[in-house]
Amino acid sequence: MADSENIQTLEAKCFCGSIHMTFDVPVSSLPFAAYLCHCSMCRYATGSPCIFHTQLPVGLLPKFVGESTEDKLSSYTAKGADCSYDFCSMCGCHIGGVSLDRRQWTMATSIFKDHGPDKFQIKYHVFSKSAKGRGLASIVTRLGDREVKTWNPPDDDPRAALVTSEAETGDDGQDRLRAQCHCGGVSFTVRRPTKQVLDDPFVTKFVSPLDKKKWMAVFDACDDCRLTSGSHVVGWAFVPLSVCEPPIDPKLTIGTAKSYSSSEGALRSFCGTCGATLFFTDSERRPSREQAVVDIATGIIRAPEGVMAEDWLTWRTRVAFASSGVSFDKDFGEALSEGMKRWTRESYGEEVDFEVG
């Protein structure tokens, strides 16, 4: 009895439930320290602005629940990596990083049923220098009354190298913005708003209200996005398929992409090789094939100016489904909303609001 009283069971589950696991954790080890990793590997292989991870002790292994099995995971191991990135083969949810011997799991804390401060505490931003402009590391600097500390390797450490992107142009000599997952199985470019876009009464709603050469973007904290991405928050850029090159089918199948319907009319897409979240769209954003608009996960965007792609995107101050984010993780949800108010005031001189249809 004494042993069982000293063990607490933590439950983690992806959106579709194909991956459903529990961990029997010594109470003395709680709360686990969590960190936000901003390295290019985490961003490009998940599609998220950063990934929310905690490293479990060696040998603390998952127990799969019901019909869930380890076989329903897809694993991606980049060249030279010491772990795989594991994700749900059905809905694409990032589950965590797993050592090559499968004995140590670094779990995505965003998929646990309870993210209360007695279970997980976000302590650090890591590899924040890898994200040019620092992105969420500059937006979420405090959680409640605690400062979120930062850790980066020494500047002469090979891991400290900043992954940069080059500006691109199309055959017409006009700007292009590259979006590409880590494995490169999905790669395409986006054009700036065209006259056809600006003249279309539906599609023009997704153009920046501040600059007609830019698209709109938001951070989204809804539960569905959290459980299909494996991250507390996803960044979305709103772009019509008509400006994507090469053409992307309205079913969101391009290259190694796999699609998944998370609810009636809602379609999501992720890379079947590396697991990166790629797209979201719903029936309201597809009034016709020519007017189809998608949300592109900003974690795969390769803007030369940095991870917020400020030369291409105008970010809304208001976080989408902010109340869901606060319900799941109060301190982070509130810090994200407050941080976006500060960031947009500093970036634009005002708070920015718009509806996305």
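**Entry 1: a pair across the sequence.** I started with Glu 245 and Arg 191, which form a salt bridge with their closest N and O atoms 3.5 Å apart. I count a salt bridge when a side-chain nitrogen of Lys or Arg is within 4 Å of a carboxyl oxygen of Asp or Glu. Glu 245 sits in strand β19 (residues 244–245) and Arg 191 in the loop between β16 (187–190) and α4 (195–199), so this pair ties together parts that are 54 residues apart in sequence. Helices (H or I, at least four residues) and strands (E, at least two) are DSSP runs, numbered from the N terminus. Glu 245 is partly exposed at 28% relative accessible area, and Arg 191 is partly exposed at 23%. My cut-offs are under 20% relative accessible area for buried and over 50% for exposed, with partly exposed in between (1.4 Å probe, protein chains only).

**Entry 2: ground rules.** This is a predicted model, in which local features need pLDDT of at least 70 and side-chain atom pairs count only at pLDDT 80 or more, while totals for chains, interfaces and linings use all residues. Residues are numbered from 1 along each chain as its sequence is written, and side-chain values use heavy atoms, with hydrogens and water left out.

**Entry 3: a pair inside a helix.** Next I looked up Lys 330 and Glu 334, whose side chains meet in a salt bridge at 3.1 Å, N to O. The two are four residues apart in helix α7 (residues 330–348), so about one helical turn separates them. Glu 334 is partly exposed, at 36% relative accessibility. I then noted a network: salt bridges that share partners join Asp 172, Arg 176, Arg 191 and Glu 245.

**Entry 4: is the lysine of my next pair buried or exposed?** Lys 119 is buried, at 7% relative accessibility. Lys 119 forms a salt bridge with Asp 114, and their closest N and O atoms are 2.9 Å apart. Asp 114 is partly exposed, with a relative accessible area of 35%. Searching the whole structure, I found 22 salt bridges.

**Entry 5: a loop residue.** I also checked Glu 290, which lies in the loop between β22 (277–282) and β23 (293–297). Glu 290 is exposed, at 62% relative accessibility.

**Entry 6: the record.** In an unreviewed entry, UniProt lists residues 10–152 as "domain: CENP-V/GFA". The span is 8% helix and 41% strand, and its end C-alpha atoms lie 30 Å apart. I keep in mind that such annotations may be inferred rather than shown by experiment.
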